[in-house]
Amino acid sequence: MSLTPTLIRWLQSEKGRRWLAPLSAAPQNDAELLPTLTRLRRELSPAQAAAVVETARLRQRAARKFPAAAARMFFTRTSLQQASAADVATHTAKRFIPFRQVLDLGCGLGGDSLALACAGVQTIAVDHDPLALALVAANARTLDYPRRIAVLRADVRHPAWRAPAAWADPGRRTDGRRLFDPEQLRPPLSALLAQRWSYAGNLGVKLMPGLAHDAIPPDAEAEWISLNGELKEAVLWFGELLREPVRRATILPAGVDLIATDARADVRTPGRYLYEPDPAVIRAGAVADLALSLGLWQIDPTIAYLAADDLIPTPFARSWRVLEHHPFELKALNRRLRALQGRVVAVKKRGSPVDPEAFRRRLYRHPRGRPLIVVLTRVAGKPWMLICDAVVDGE
Ligand SMILES: C[S@@+](CC[C@H](N)C(=O)[O-])C[C@H]1O[C@@H](n2cnc3c(N)ncnc32)[C@H](O)[C@@H]1O
């Protein structure tokens, strides 16, 4: 169905709210929905009925991104897909607190505008899409920020404004496909950088997490942000928004960060524990920095696994107890799994060409066996396998 600004206005009316509230609260499957839909169709126009059902569904789907507010917000499928998760937007919004006003360039449904408003920053939400502006206005109203968010319809490639600072989140998809080149973004990174001086040079740009290090301008800070172990985005910071011109890994919800340097860590054979750095640490190029800060070592100079003989709880990495490790060989692995009465629950790999799931199906499996993780990687350049306890100590 296609939501329109008129339908979004109607959904906020007393009648729209009355239909939406019960449907948004209770998750329903298609069979349960049928009688409700029939009732909706009797009393509402087909477009209104579809708008109620779709919004209720999207509210439930949005609960992961907007845990506190999804049940009151307005979405389209695409704008929800593109929206910044509330925890990440809250983190990036903090850098704007010293500014009295911020432009949110390409605001979509307002994931970032709402976080900026919540941080107390006066926000101007800009988009060329009237539907996006209707959504952000509705979301500002429903979350009680109508006076902190103004909306402006404009093409951000041709700024006709000046502001003390700006945030930009260019579109990263076209026809449902993800884009990997900053110059293919909507609008492209270079178009945003060319207008930095309209914002006194104070600009933050959200980009794809796969951002290459050689695409980072020399006067920028690059921050890779993960949430619950999932890499979400890279951000380039300029001007007074930049804290240091470095590559930084930020881990949420812990709210800790690590700066990448050209450090080198020791390289040795695996120890009693294997550490897998958070993807933000890996992308920022801070694996050796993490090793040095915790007294860990690398098991191969080219592989992002770390090792230690102790269990060191850290938000920057996951860890597993290593039961044994050997040069890679399938027959030997199955022999050892049988001896351990094991049941491999996951195959992890770095620097190995195997398909983990297909490989797992070729492994010995005791039906009620001890849950194990097999790690396929390289040690000192050679293919290697580690058998680890799937149960993390202390969990
Ligand atoms: C990734 S979405 C923004 C999501 C938003 N940050 C959020 O958290 O909800 C990008 C938005 O940029 C808008 N956009 C793309 N090119 C634009 C342009 N040239 N001028 C204005 N808006 C543009 C799109 O309409 C879309 O709403």
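This is a predicted model: local features need pLDDT of at least 70, side-chain atom pairs count only at pLDDT 80 or more; totals for chains, interfaces and linings use all residues.
Residues are numbered from 1 along each chain as its sequence is written.

The domain assignment of the protein, with bounds that come from an automatic or database assignment, gives domain 1 (5–61), domain 2 (80–245) and domain 3 (273–389). A distance of 31 Å separates the C-alpha centres of domain 1 and domain 2. Five residues from domain 1 and seven residues from domain 2 make up the contact, two residues being in contact if their C-beta atoms, placed from the backbone, lie within 7 Å. On the side of domain 1 that touches domain 2, α1 (5–11) and α4 (46–61) are the elements that give two or more residues; helices (H or I, at least four residues) and strands (E, at least two) are DSSP runs, numbered from the N terminus. This side of domain 1 comprises three nonpolar, one polar and one charged residues, where Ala, Val, Leu, Ile, Met, Phe, Trp, Tyr, Cys and Pro count as nonpolar, Asp, Glu, Lys and Arg as charged, and the others, Gly among them, as polar.

Helix α4 also packs against helix α2 (residues 14–25), at an angle of about 35 degrees and with the axes 9 Å apart. Axes are lines fitted to C-alpha atoms, for helices over the stretch in contact, and angles run from 0 to 180 degrees between N-to-C directions. The crossing of α2 and α4 is right-handed, a term that applies if the near helix is turned clockwise from the far one by less than a right angle, and left-handed if anticlockwise. In α2, Trp-19, Leu-20, Leu-23 and Ser-24 meet Val-52, Thr-55, Ala-56 and Arg-59 of α4. Five nonpolar, two polar and one charged residues form this contact.

The ligand is surrounded by 21 residues, of which the closest are Ala-83, Gly-106, Gly-108, Gly-111 and Asp-169; a residue is near a molecule or strand if its C-beta atom, placed from the backbone, lies within 6 Å of it. The shell around the ligand contains six nonpolar, eight polar and seven charged residues.

Strand β13 runs antiparallel to β14 (residues 306–308), to which two bridges join it, and Gln-298 has Leu-306 in β14 as its bridge partner. Strands β15 (residues 317–327) and β18 (residues 382–389) are antiparallel and joined by five bridges, with Val-322 opposite Cys-388. Eight bridges link β18 to β17 (residues 370–379), again in the antiparallel sense, and Val-374 stands opposite Ile-387. The hairpin of β17 and β18 has two residues between the strands, and Ala-380 in the turn has a positive phi of about 50 degrees.

Most residues other than glycine have a negative phi, and most peptide bonds are trans. Ala-200, with phi near 55 degrees, is located in the loop between α9 and β7 (203–207). The peptide bond from Arg-186 to Pro-187 is cis, with omega near -5 degrees, and Pro-187 belongs to the loop between β6 (177–178) and α9 (189–194). A cis bond also leads from Leu-252 to Pro-253, with omega near 5 degrees; Pro-253 lies in the loop between β10 (247–252) and β11 (256–260).

Notes: Two strands pair if DSSP finds at least two bridges between them.
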